[in-house]
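I am opening the notebook on side-chain contacts.

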Amino acid sequence: MERRELRLFLAATALIAAVATTAHAADGSLADVDAAIRSRDYIRAATLLEPRAEGGDTEAQYRLATLYRSGRGVPAEPARAFQWMLRAAAGGHTDGAYSVAVMYERGIGVIADAGEARKWFKTDADAGHTMARARLDSPSGVEIASAPVPVADARKTPGSVPSS
């Protein structure tokens, strides 16, 4: 009987550990996203980020935007990347604001607009982002790229992100 009880105890312990691991893996924490990215499972990373981004998590919005910009785990969609980045920036994400400025400057996912680029660089510089301050203070200033990246669905209107 003692041996049987030990086996039951070990089986129950293994079952509890398996359930706890599965529950943790499904919670979509940023640590889980980091693990997915480290293992180059970008589809899983995007799947974990999407509900967090939809829920207003600016870090998730920023990271999801970078996946759409690079085409990792999701189709490369510069316009969608811009919209997610804009949401992150509007929520106070400083790296997101810097990226929005660069995207406006280079015409990535949005129609190039030097005025909007300057506005976002200034907003970000005022928040303490040193690279944004350096861009504003550089002798060349903010310039529109001579050949913006072609975008099928470039929009200038901030706001909504298309639903999946």
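Is Arg-80 buried or exposed, and what is its relative accessible area? I looked it up: Arg-80 is buried, at 10% relative accessible area. The model is a predicted one, and I read every value with that in mind.

**Entry: Arg-80 and its partner**

I checked what Arg-80 touches. Its side chain meets that of Glu-77 in a salt bridge, 3.9 Å from N to O.

**Entry: aromatic pairs**

I turned to the rings. I found two aromatic pairs. In one, Phe-82 and Tyr-104 have ring centres 5.1 Å apart; the planes stand at 80°, so I noted the pair as edge-to-face. I then placed both residues. Phe-82 belongs to helix H5 (residues 78–90) and Tyr-104 to helix H6 (residues 94–106), so this pair ties together parts 22 residues apart in sequence. Phe-82 and Tyr-104 are both buried.

The other pair is Tyr-98 with Phe-121. Here the centres are 5.5 Å apart and the planes are at 65°, so I noted edge-to-face again. Tyr-98 sits in helix H6 and Phe-121 in helix H7 (residues 114–126), so the pair ties together parts that are 23 residues apart in sequence. I checked burial here too. Tyr-98 is buried at 14% relative accessible area. Phe-121 is buried at 0%.

**Entry: salt bridges**

How many salt bridges does the structure hold? I read nine. I followed up some of them.

Glu-59 bridges to Arg-63, with the closest N and O atoms 2.8 Å apart. Both residues lie in helix H4 (residues 58–70), four residues apart, about one turn of the helix. Glu-59 is partly exposed at 26% relative accessibility. Arg-63 counts as buried, because its relative accessibility is 18% and the cut-off for buried is under 20%.

I went on to helix H8 (residues 130–137), which holds Arg-133 and Asp-137. Their side chains meet in a salt bridge of 3.6 Å, N to O. These two residues are four apart, about one turn of the helix. Arg-133 is partly exposed, with a relative accessible area of 34%. Asp-137 counts as exposed at 54%. I then traced shared partners: salt bridges join Lys-122, Asp-126, Arg-133 and Asp-137 into one network.

Key:
Residues numbered from 1 in each chain as written. Predicted model: local features only at pLDDT ≥ 70, side-chain atom pairs only at ≥ 80, totals over all residues. Heavy atoms only, no water. Phe/Tyr/Trp six-rings, centres within 6.5 Å; stacked < 30°, edge-to-face > 60°. Buried < 20%, exposed > 50% of the residue type's maximum accessible area, 1.4 Å probe, protein only. Salt bridge = Lys/Arg side-chain N within 4 Å of Asp/Glu carboxyl O.
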